[in-house]
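Good morning, and thank you for the time on today's agenda. I would like to take the group through one structure, beginning with a detail of the backbone and ending with the pockets.

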Amino acid sequence: MRVIEFDYIDSTNVYAKSNLDTLEDKSLILAHRQSAGKGRLNRTWVDLGEGNLFLSFVLKPSGSYSFCYPNLSQYLSVCLCNVLETYGLKPQIKWPNDVLIDGKKIAGILAESVMQGTSLKGIILGIGVNLNATKEDTASIPDKLVTSLNLEINHPVNMDTFFESLTDEFFKGYDEFLNSGFPKIKEDYLRRNCFLGKELEIQVLGRKERGIAKYINDNGELVLINDVNKEVVITAGDIL
Ligand code: BT5
């Protein structure tokens, strides 16, 4: 496992993508500050100052494309919950992979796969975790309730320790996850869910789906029951 560390970068995911050819499997790109952090669907990940985590896992699994690659971001959300619990917190997961503390977003995960023709060149799994931010910093993101680990535990957080715990936790179960896929983490994922049983509106590309969140299937997809009592399977989308 090789760590490439930057004091300052535009985006750890963009760096990983641009250098994918030369990066080894399981390389880690770590930055202390990030000026152009990417979220999903062209959204932005805001850098809340020194001491926060900006990290990309570079994964180059061998063999043919596996059914479980789309679930790697859910796997990482479970790993993050395991680490946050060691700080005495009760994290929750909002489908598919947002991690919240008391309804406030503490981290974001962006998975990007790079293909060459029909073969997979690599997967870049980026994660930003707010570890050390002020209340004012968190309030600078107007469209979301946001928190940071230091605000939840009332003392500063050591970034190196957190980085080690998270990456150890990730690689501890990674090979097994590649073999077994979502069912391996399903119970740990569901234990933290904050959405089942609720009436949800989901943005799915250009349309919206509405219904009661009934269950998560073995592919990590969300199954809704709509107003005509029909099951609707959502593979990717955003809970509004
Ligand atoms: C995400 O997107 O949550 C994925 C964010 C991934 C960031 C990491 S940092 C390392 C790596 N390198 C990158 O360039 N990216 C990855 P999404 O689900 O689209 O959520 C984005 C939304 O979260 C924004 O529109 C804001 O509402 C909110 N947000 C932005 N910055 C935040 C922050 N620091 N803390 C909490 N919420 C934030």
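Where is the place of N154? N154 sits in the loop between α4 (149-153) and α5 (159-180); helices (H or I, at least four residues) and strands (E, at least two) are DSSP runs, numbered from the N terminus. Before I continue, please note that this is a predicted model, in which local features need pLDDT of at least 70 and side-chain atom pairs count only at pLDDT 80 or more, while totals for chains, interfaces and linings use all residues. Residues are numbered from 1 along each chain as its sequence is written, and side-chain values use heavy atoms, with hydrogens and water left out.

To return to N154: its phi is near 60°, a positive value in a residue other than glycine. N154 has a relative accessible area of 68% and is therefore exposed; the term exposed stands for over 50% relative accessible area, buried for under 20%, and partly exposed for values in between, using a 1.4 Å probe and protein chains only.

D102 also has a positive phi, of about 50°, although it is not a glycine. D102 belongs to the loop between β7 and β8, and its relative accessible area of 65% makes it exposed.

A further backbone feature is a cis peptide bond, which joins W95 and P96 with omega at about 0°. P96 is part of the loop between β6 (92-94) and β7 (98-101).

Let me now turn to the chain as a whole. How many helices and strands does the secondary structure come to? There are six helices and 14 strands. The radius of gyration is 17 Å, close to the 18 Å that the globule rule gives for 240 residues, so the chain is as compact as a globular protein of that length. That radius is taken over C-alpha atoms, and the globule rule is 2.2 Å times the number of residues to the power 0.38. Along the principal axes, the C-alpha atoms fill a box of roughly 55 × 45 × 30 Å.

Of the 240 residues, 52% are buried. Among contacts with a separation of 6 or more, 62% are between residues 24 or more positions apart, where contact means heavy atoms within 4.5 Å. The chain exposes about 11800 Å², and carbon and sulfur atoms supply 47% of that area; accessible areas come from the Shrake-Rupley method with a 1.4 Å probe, and for residues only the protein chains shown count as cover.

L72 lies in helix α2 and, at 0% relative accessibility, counts as buried. Leaving aside neighbours within four places in sequence, L72 is in contact with L59, I123, L125, Y174 and F177. L41, in the loop between β3 and β4, is exposed, with a relative accessible area of 63%. The C-alpha atoms of L72 and L41 are separated by 18 Å, the two residues being 31 residues apart along the chain. L41 and L205 are 164 residues apart along the chain, yet their C-alpha atoms are separated by 9.5 Å.

I close with the pockets. On a 1 Å grid over the protein atoms alone, a pocket is an open set of points where a 1.4 Å probe fits, with protein on both sides within 12 Å along at least five of seven lines; lining residues have an atom within 4 Å of a point. Grid points are joined across faces, edges and corners, and a volume is the space filled by probe spheres set on the points.

The largest pocket has a volume of about 780 Å³. It is lined by 30 residues, of which R40, P70, S73, T235 and A236 are the closest to its centre. Which strand provides the largest share of this lining? It is β8, with five residues. By class, the lining has 16 nonpolar, 10 polar and four charged residues; Ala, Val, Leu, Ile, Met, Phe, Trp, Tyr, Cys and Pro count as nonpolar, Asp, Glu, Lys and Arg as charged, and the others, Gly among them, as polar.

The second largest pocket has a volume of about 650 Å³. Among its 36 lining residues, G39, R43, T44, W45 and K105 are the closest to its centre. Here β8 again gives the most, with four residues, and the lining divides into 14 nonpolar, 13 polar and nine charged residues.
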